[in-house]
Structure formats: C-alpha cells, structure tokens
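The following note sets out points for a colleague who is examining this structure. Please read the points alongside the sequence and the coordinates.

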Amino acid sequence: MKYELLPEPILFSFNGKSYTLFKIKAVENFGDVKINDIGGLVEHNGNLSGTGSCWLYDNAKSFGSALVSDNARLYDNSLAGENAWVFDNAKMSKNAQAYGHAKIFDMAKISDNAKVFDEARVYDIARVLNNGVVYGRAKIRGNLRVYGENKAYDNIWEG
C-alpha cells in the first residue's frame, strides 16, 4: 500500500448521507508524490488504489464505493462519491464531482464545478468544464466539451 490513513476522522455530508473520511499520507514515492506528502480524504482504503500513481491532492475526496485508480488524479475540492470510478489518466479539479455510477476515464478532464453522475461516462479526451453537467446514460467522448449551462443526459452519445 502506497499510503496510510491518518487517525483523525473528518465528517462529511453528500447527497443527504454522512461519511467519515480520513486524510491520506504517502508512505512511498510515486509519480510526483513523495513520502510523507499529505493528500486528500478517503472513507476507506478501497476508495484509492494502492498501486499506480493515482492520488488525491489538496482536499479532494473519494468515498462510498467510489474508486480512484491507475494514474487518475483528483485535485482541489473535487470528489468521487457513491459508486463512481475515476481511472486511467483522468483528472478532476476545482470542485468537480463524479458520483452515482459515473465513470471518468482515458484522458478525460472534469473541472470548475462540473458534475457527472447517474450512469454517465466521460472518456477519450472529452472535457466537462465550467458548471457543465453530464448525467443519465450520456456518453461523452472524443473532443467533445460540455460547459457553462450545457447539459448532456439520457442516452446521448456524443463524440
């Protein structure tokens, strides 16, 4: 395991449910993370893979049955919650949220208060930015950008 949970619990509420989260601390060097670096917060070890260079920076969170794995990175106050999976080389930052059964992967980026939830998928080099929302069974891929007041939902396939 490349990190350990620090002992001081932090209570966090999301979508009407409370979670007890713990800050993480690196116990080995990997990627740009060094031994003793303090990372974001997880509910349990199953929220962040112990292999690869995935990491939660700053106050990023992973909780419930969510998983951050491979080389994925969460920054700032972004979160992966409930049953979301953020993997491959995906990045989330600036209050971005992935929850429900959302999947963010390949080299996708979610940032600036964007939300991806339900069973939505964002992948390839797609971006969800600046309050953009992707939900339902939408699949956003390729060079597509969802931002501002734009929403992608239901069974939309875009790319």
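1. A residue is called buried under 20% relative accessible area, exposed over 50%, and partly exposed in between, with a 1.4 Å probe and protein chains only. On that scale, Glu 119 is partly exposed, with a relative accessible area of 33%.

2. The model is predicted: local features need pLDDT of at least 70 and side-chain atom pairs count only at pLDDT 80 or more, while totals for chains, interfaces and linings use all residues. Residues are numbered from 1 along each chain as its sequence is written, and side-chain values use heavy atoms, with hydrogens and water left out.

3. Strands are DSSP runs (E, at least two residues), numbered from the N terminus, and two strands pair if DSSP finds at least two bridges between them. Met 92 stands opposite Ile 110 in S13.

4. Strand S3 (residues 38-42) is mostly covered, 4 of its 5 residues being buried. S3 runs antiparallel to S2, to which 3 bridges join it, and Phe 22 is placed opposite Val 42 in S3. S3 also pairs with strand S5 (residues 61-62), in the parallel sense and over 2 bridges. There, Leu 41 has Lys 61 in S5 as its bridge partner.

5. Contact here means heavy atoms within 4.5 Å. Not counting residues up to four places away in sequence, Val 42 touches several residues, including Leu 5, Phe 22, Leu 48, Leu 56 and Ser 62. Ile 24 is another of these contacts; the C-alpha atoms of Val 42 and Ile 24, 18 residues apart along the chain, are separated by 7.2 Å.

6. A nonpolar core is a set of buried Ala, Val, Leu, Ile, Met, Phe, Trp, Tyr and Cys residues joined through side-chain atoms within 4.5 Å. The largest such core has 38 residues, of which Val 86, Val 122 and Val 134 touch the most other members. Strand S2 (17-26) and S4 each supply at least two residues of this core. A second, separate core of 10 residues includes Phe 63, Leu 79, Tyr 99 and Val 133. Leaving aside residues up to four places away in sequence, Val 134 touches, among others, Phe 117, Val 122, Ile 140 and Val 146.

7. How many salt bridges (a side-chain nitrogen of Lys or Arg within 4 Å of a carboxyl oxygen of Asp or Glu) does the structure hold? There are 2. In one of them, the side chains of Asp 32 and Arg 73 meet at 3.0 Å, N to O. Asp 32 lies in the loop between S2 and S3 and Arg 73 in strand S7 (residues 73-74), so the pair ties together parts that are 41 residues apart in sequence. Asp 32 is partly exposed at 48% relative accessibility, whereas Arg 73 is buried at 11%.

8. Arg 137 and Glu 119 also form a salt bridge through their side chains (3.5 Å, N to O). Arg 137 lies in the loop between strand S17 (133-134) and strand S18 (139-140), and Glu 119 in the loop between strand S14 (115-116) and strand S15 (121-122), so this pair ties together parts that are 18 residues apart in sequence. Arg 137 counts as partly exposed, at 48% relative accessibility.
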